[in-house]
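Subject: Structure handover

Hello,

Here is the structure I promised to pass on. Please open it first, then read my notes below.

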Amino acid sequence: MERKEFENISDFPPYFIGFNVTFEPGCRNNWHIHHGCGQTLFCVKGRGWYQEFGKEAPPFKSGDIVYIAPEIKHWQGAARDKTFTHLSLSVPTEDSFTQWREPVADEEYNRYLLFMFYTYIDIEITIKAHQETVTFKYPQYLVLGSIA
């Protein structure tokens with residue numbers, strides 16, 4: 001979005017709430033729901049999990065961003081062997097609140113430990129044709145093993 005477009009936004013929120021949250025290895029919060037406002041998580045250090053109820057939990061690593069819409073039951077937490085730090089930002093409404101629910105069962109959390117041993121690599125492809133060079137970069141991850 002161009003600067004002039006930002007200047008024309010009249011309903012930009014007057015404030016937001018932000019938290020810097022660090023989970024110790026193996027720590028996770030309870031299932032919870034943000035009523036009335038969404039939440040954006042910016043992973044700034046380590047690796048962990050984010051899961052919406054009824055869906056798989058993809059790995060969450062430094063540099064990843066997740067937007068959680070209002071009324072979505074979810075949890076987030078650290079990998080078993082790494083700390084996990086994220087910034088949490090939301091724009092509250094007058095009636096917004098967080099409803100804390102039941103703990104994430106050990107069986108649910110442990111399902112995802114099998115996929116945590118991986119390393120991140122970048123793939124770079126360079127194409128040379130007709131005196132032109134084009135480079136494509138693809139961030140990827142490679143699974144190396146499991147604890148099973």
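Strand β3 runs antiparallel to strand β6 (residues 74–78), and five bridges join the two. Strands here are DSSP runs of E of at least two residues, helices are runs of H or I of at least four, and both are numbered from the N terminus. Two strands pair if DSSP finds at least two bridges between them. Within this pairing, E52 has H74 of β6 as its bridge partner.

A word on the source: this is a predicted model, so local features need pLDDT of at least 70 and side-chain atom pairs count only at pLDDT 80 or more, while totals for chains, interfaces and linings use all residues. Residues are numbered from 1 along each chain as its sequence is written, and side-chain values use heavy atoms, with hydrogens and water left out.

**More on β3**

L41 has V66 of β5 as its bridge partner. Strand β4 (residues 59–61) is joined to β3 by three bridges, and the two run antiparallel. R47 faces K61 of β4 in that pairing. The β3 and β4 hairpin has six residues between its strands, and G54 takes a positive phi near 85 degrees there.

β3 is mostly covered, with ten of its 14 residues buried. Buried means under 20% relative accessible area, exposed means over 50%, and partly exposed lies in between (1.4 Å probe, protein chains only).

**The cores**

Which residues make up the largest nonpolar core? There are nine: F23, L41, C43, Y50, F60, V66, I68, A78 and F84. Such a core is a set of buried Ala, Val, Leu, Ile, Met, Phe, Trp, Tyr and Cys residues joined through side-chain atoms within 4.5 Å. β3 (39–52) and β5 (65–68) are the elements that give two or more residues to this core. β3 gives the most, with three residues. A second, separate core has six residues, including W31, A57, V104 and Y109.

V66 touches Q39, T40, L41, Y50 and F60, leaving aside residues up to four places away in sequence. Contact means heavy atoms within 4.5 Å.

**Rings and charges**

How many aromatic pairs does the structure hold? It holds four. One of them is F23 with F84: stacked, 5.9 Å centre to centre, with 25 degrees between the planes. This pair links distant parts of the chain, as F23 is in strand β1 (residues 17–23) and F84 is in strand β7 (residues 84–90), 61 residues apart. Rings of Phe, Tyr and Trp (its six-membered ring) pair if their centres lie within 6.5 Å; planes under 30 degrees apart count as stacked, over 60 as edge-to-face and the rest as tilted. F23 is buried, at 6% relative accessible area. F84 is buried too, at 0%. F23, F60 and F84 form one aromatic cluster.

K73 sits over two rings. Its charged end lies over the ring of F53, 4.5 Å from the centre. K73 also lies over the face of W31, at 5.7 Å from the ring centre. A charge sits over a ring if NZ of Lys or CZ of Arg is within 6 Å of the ring centre and within 35 degrees of the ring normal.

β2 pairs with strand β8 (residues 97–100) in the antiparallel sense, over four bridges. I33 stands opposite Q99 there.

P103 lies in the loop between β8 and α2 (106–110). P103 counts as exposed, at 56% relative accessibility. Even so, P103 touches N30 and W31, again leaving aside residues up to four places away in sequence.

A search of the whole structure finds zero disulfides (pairs of cysteine sulfur atoms within 2.5 Å). C27 is partly exposed, at 34% relative accessible area, and C37 is buried, at 10%.

**The whole chain**

The chain has two helices and ten strands. Of its 148 residues, 28% count as buried.

Best wishes
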